[in-house]
Amino acid sequence: ELKKLASLEKFSVRDLMRKDAPTIGGDASLTETSRMMLTKSERRIVVMEGDKPIGVVTRGDVVRALARKAGVAL
């Protein structure tokens, strides 16, 4: 077991990350973001400003925002 755990040290985040993560501009609308999540079955989208990532929006973020706009308490 210790040998297996030690072998995990050889892995880096680079070996695990997605290289084709979906992105969207920070000025994108809530509608555009939710449509992208639905049509591409994405749970999170990297928010970009130019060529720089500035954050991540999740499906939960979108659901909470839609509920807030509809006046529904979650």
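Trainee: Why is Asp20 called exposed?

Mentor: The relative accessible area of Asp20 is 56%. Exposed means over 50%, buried means under 20%, and partly exposed is in between, with a 1.4 Å probe and protein chains only. Asp20 has 56%, so the word for Asp20 is exposed.

Trainee: What kind of model is this, and how are residues numbered?

Mentor: The model is predicted, so local features need pLDDT of at least 70 and side-chain atom pairs count only at pLDDT 80 or more, while totals for chains, interfaces and linings use all residues. Residues are numbered from 1 along each chain as its sequence is written, and side-chain values use heavy atoms, with hydrogens and water left out.

Trainee: What makes the meeting of Asp20 and Arg18 a salt bridge?

Mentor: The N to O distance between the side chains of Asp20 and Arg18 is 3.3 Å. A salt bridge is a side-chain nitrogen of Lys or Arg within 4 Å of a carboxyl oxygen of Asp or Glu. With 3.3 Å against a limit of 4 Å, the pair therefore counts as a salt bridge.

Trainee: Why is Arg18 called partly exposed?

Mentor: Arg18 has a relative accessible area of 47%. That value lies between 20% and 50%, so Arg18 is partly exposed.

Trainee: What is the distance between the closest N and O atoms of Glu42 and Arg18?

Mentor: It is 3.0 Å, and Glu42 and Arg18 form a salt bridge. Glu42 lies in the loop between α3 and β2 and Arg18 in the loop between α2 and β1 (23–25), so this pair ties together parts that are 24 residues apart in sequence.

Trainee: Is Glu42 buried or exposed, and how do you know?

Mentor: Glu42 has 13% relative accessibility. Buried means under 20%, so Glu42 counts as buried. Arg18, Asp20 and Glu42 are linked in a network of salt bridges.

Trainee: How many salt bridges does the rule give?

Mentor: The count comes to three. One of them joins the side chains of Arg64 and Asp61, at 2.9 Å from N to O. Arg64 and Asp61 both lie in helix α4 (residues 59–70), three residues apart, which is about one turn of the helix.

Trainee: Why are Arg64 and Asp61 called partly exposed?

Mentor: Arg64 has 42% relative accessibility and Asp61 has 29%. Both values fall between 20% and 50%, so both residues count as partly exposed.

Trainee: Which residues does Arg64 contact, leaving aside neighbours within four places in sequence?

Mentor: Arg64 is in contact with Thr58 and Leu74, where contact means heavy atoms within 4.5 Å.

Trainee: Why is Thr33 called buried?

Mentor: Thr33 has a relative accessible area of 7%. That is under 20%, so Thr33 is buried. Thr33 is in helix α3 (residues 30–40). Not counting residues up to four places away in sequence, Thr33 touches Ile24, Ala28, Ile45, Val57 and Val62.

Trainee: What is the sense of pairing between β2 and β3?

Mentor: β2 and strand β3 (residues 52–58) pair in the antiparallel sense, over six bridges. In β3, Met48 has Pro53 as its bridge partner, and Arg44 has Thr58. The hairpin of β2 and β3 has two residues between the strands, and in it Gly50 takes a positive phi near 65°.

Trainee: Why is Phe11 called exposed?

Mentor: Phe11 has a relative accessible area of 53%, over the 50% limit, so Phe11 is exposed. Phe11 lies in the loop between α1 (2–7) and α2 (13–16).

Definitions and conventions
Helices (H or I, at least four residues) and strands (E, at least two) are DSSP runs, numbered from the N terminus. Two strands pair if DSSP finds at least two bridges between them.
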